[in-house]
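Good morning, and thank you for making time on the agenda.

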Amino acid sequence: MYWKDGDTLVSRNNEPKLSITAPFESLLETLPQDCPVPTPIVKFGLLTQHVEPSSDEFKINFDKESIGSSETAVVPAETLSAVEYLLYNHSDHLSTKQKQRIGRFCEVTQLDYANKLGASESTVKDAVDETGTENYPFIYRTEYSCDHCGDKFDSKPERDSHTTDCGDTENDAAETSEPSQQSSTKKRPALGKEIRKDKGSERVSGRNPFADTDRLKDTGLHQGGGN
Ligand SMILES: [Zn+2]
């Protein structure tokens, strides 16, 4: 469920933040206030490339099926007109193939109904509520980066196991390099910031990575029983 926040779309369910273009922002202004952005409209923005993940850690990939199975868009008449307007005036960057795909999408979702009556404000809000738990399977994470050093990894487990070691190394460095102000100044400001961002900051600060019971469960190492 995405909400408009300035020139971005933000989700309260951990979905990645999305950037929007000025023309798309105008389109969103036709939707009721205090209402999440209907998913078909988010999809429309992604398909027309007027919406994209703010971070390059994510990419968009629609397959044929996710286009064909898109739900009907319940939006006001003004939004339908805005969709038409955007397609006429702000789609030069799209290939013929992309335009065909958008055409198909607008057909399925009935976003091409600009000449018909749109939905009332309350109908729009009700429809959004019903689809409140919708996922965004077409937004993919392309890489996982370490919160400490920024190194990139292909999978989450890979990143997580690195981050644990990486964080410990930095903690140790910060603790032990106390006397030498010069050498520690580089690392320290970033370190405090990164740790606040890190949701896993309840992580045990000891040097033994296996002191964390959650981590033991993940790795299954607690079954080994070796002392
Ligand atoms: Zn790292």
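What we have here is a predicted model. The mean pLDDT of the protein chain is 76, with 70% of the residues at 70 or more. Residues 173-207 have a pLDDT below 50, and this stretch has 21 contacts in the model beyond near neighbours in sequence. Residues 223-227 also stay under 50, and for these the model has zero contacts beyond four places in sequence. Where pLDDT is low, the predicted coordinates should not be read in detail.

Of its 227 residues, 20% count as buried. If we take the contacts between residues at least 6 apart in sequence, 68% of them join residues at least 24 apart.

Which residues have the most contacts inside the largest nonpolar core? They are Leu9, Val37, Val42, Val51, Val75 and Val83, in a core of 29 residues. The elements that give two or more residues to this core are strand S3 (18-20) and the helices H1 (22-28), H2 (39-47), H4 (77-89), H5 (96-109) and H6 (121-130). The most comes from H2, which gives five residues. Val37 shows how parts of the chain meet here: leaving aside neighbours within four places in sequence, Val37 is in contact with Tyr2, Trp3, Lys4, Leu9, Leu28, Leu31 and Val42.

H5 has 14 residues, and from its first C-alpha to its last it reaches 20 Å, close to the 20 Å expected at 1.5 Å a residue. Its buried residues are Ile102, Phe105, Cys106 and Thr109. Seen down the helix axis, the buried residues of H5 fall within an arc of 95°, so they line one face. The face of H5 turned away from the buried side carries the exposed residues Thr96, Lys97, Gln100 and Gly103. What do the buried residues of H5 pack against? Their partners are H2, helix H3 (64-68) and H4.

H4 can be described in a similar manner. The 13 residues of H4 should span 18 Å at 1.5 Å a residue, and the end C-alpha atoms are 18 Å apart, which agrees. Thr79, Leu80, Ala82 and Val83 are the buried residues of H4. They cover an arc of only 160° around the axis, which puts them on the same side of H4. On the other side of H4, Tyr88 and Asn89 are exposed. The buried residues of H4 pack against H1, H2 and H5.

Strand S1 (residues 2-5) and strand S2 (residues 8-11) run antiparallel and are joined by four bridges. Within this pair, Tyr2 stands opposite Ser11 in S2. The two strands form a hairpin with two residues between them, and Gly6 in the turn has a positive phi of about 65°. S2 also pairs with S3, again antiparallel, through two bridges. Here Leu9 has Leu18 in S3 as its bridge partner. S2 and S3 form a hairpin with six residues between them, and Asn14 in the turn has a positive phi of about 75°.

Most residues other than glycine have a negative phi, and most peptide bonds are trans. Asp34, however, has a positive phi near 50°. Asp34 sits in the loop between H1 and H2, and it counts as exposed because it has 7 C-beta neighbours inside 10 Å. Gln110 is not a glycine either, yet its phi is positive, about 65°. Gln110 follows H5 and lies in the loop between H5 and H6. Is Gln110 exposed or partly exposed? With 17 C-beta neighbours inside 10 Å, Gln110 counts as partly exposed.

Leaving aside neighbours within four places in sequence, Asn61 is in contact with Phe138 and Tyr140. Its C-alpha atom is separated by 9.3 Å from that of Leu47, 14 residues apart along the chain.

Key
Residues numbered from 1 in each chain as written. Predicted model: local features only at pLDDT ≥ 70, side-chain atom pairs only at ≥ 80, totals over all residues. pLDDT = per-residue confidence, 0-100. Contact = placed C-beta atoms within 7 Å. Core = buried A, V, L, I, M, F, W, Y, C linked by C-beta atoms within 7 Å. Buried ≥ 20, exposed ≤ 12 C-beta atoms within 10 Å, placed from the backbone. Expected span 1.5 Å × (residues − 1). Arc of directions from axis to C-beta. Pairing = 2+ DSSP bridges.
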